[in-house]
Amino acid sequence: FSAGIYPGFDTGELPAECVVHEAYPYYSSAISLQTEWVLQRLDAALREVGSDLAHIAKAQVFLTDLSDFALFDAVWRKHFQTPPARSVVKASPLPVEGARIAIEVIALTA
């Protein structure tokens, strides 16, 4: 079982790589950048305990804005050959200002 991981959970501030560059507002989206960041952190945490993203049995995804779903889902599907079961729910604001997503998972050990 993982704790909920959201952008900045470890520092209390939104990571720079999760912020859309103001000079290129149409080349990325906050939810895409944040989903990528969270999935990378989840994969690293799972690898530390002998697992990885491929061994996720169930995920719970919290979005602060459900209109972000399509962009979130596009990033999610790039990380999984066969996506695991998941629930996606609307969340209240997260503890870090600007954070739009949190994910917690249940994964098997490799």
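Isoleucine 103 touches Ser2, Ala3, Gly4, Ile5, Val38, Leu39, Leu42, Gln60, Val61 and Trp76, leaving aside residues up to four places away in sequence. The model in which these contacts occur is predicted. Ile103 also belongs to the largest nonpolar core, a set of 20 residues in which Leu42, Trp76, Ile101 and Ile103 touch the most other members. Two or more residues of this core come from each of helix H1 (30-48), E1, H2 and strand E3 (101-107). The greatest contribution is that of H1, which supplies six residues. Apart from this core lies another, made up of five residues, including Tyr6, Leu94, Val96 and Ala99. In soluble globular proteins, nonpolar side chains tend to be buried together.

The protein contains two helices and three strands, which follow the pattern α-β-α-β-β when read along the sequence. Strand E1 (residues 56-63) pairs with strand E2 (residues 85-90) in the parallel sense, and six bridges join the two. Within this pairing, leucine 63 stands opposite lysine 90 of E2. Together with helix H2 (residues 69-78), E1 and E2 make a β-α-β unit that is right-handed.

The loop between E1 and H2 holds aspartate 68. This aspartate 68 counts as buried because its relative accessibility is 8%, below the cut-off of 20%. Residues up to four places away in sequence being excluded, aspartate 68 touches Ile31, Leu63 and Arg100.

Along the principal axes, the C-alpha trace spans about 40 × 25 × 25 Å. Buried residues account for 37% of the 110 residues. The accessible surface comes to about 6,500 Å², and carbon and sulfur atoms make up 55% of that area. Of the contacts between residues at least 6 apart in sequence, 76% join residues at least 24 apart.

Key. Residues numbered from 1 in each chain as written. Predicted model: local features only at pLDDT ≥ 70, side-chain atom pairs only at ≥ 80, totals over all residues. Heavy atoms only, no water. Pairing = 2+ DSSP bridges. Helix = DSSP H or I, 4+ residues; strand = E, 2+ residues; numbered from the N terminus. Right-handed = clockwise from strand over helix to strand, strands pointing away. Buried < 20%, exposed > 50% of the residue type's maximum accessible area, 1.4 Å probe, protein only. Contact = heavy atoms within 4.5 Å. Areas by Shrake-Rupley, 256 points an atom, 1.4 Å probe, with all protein chains shown as cover. Core = buried A, V, L, I, M, F, W, Y, C linked by side-chain atoms within 4.5 Å.
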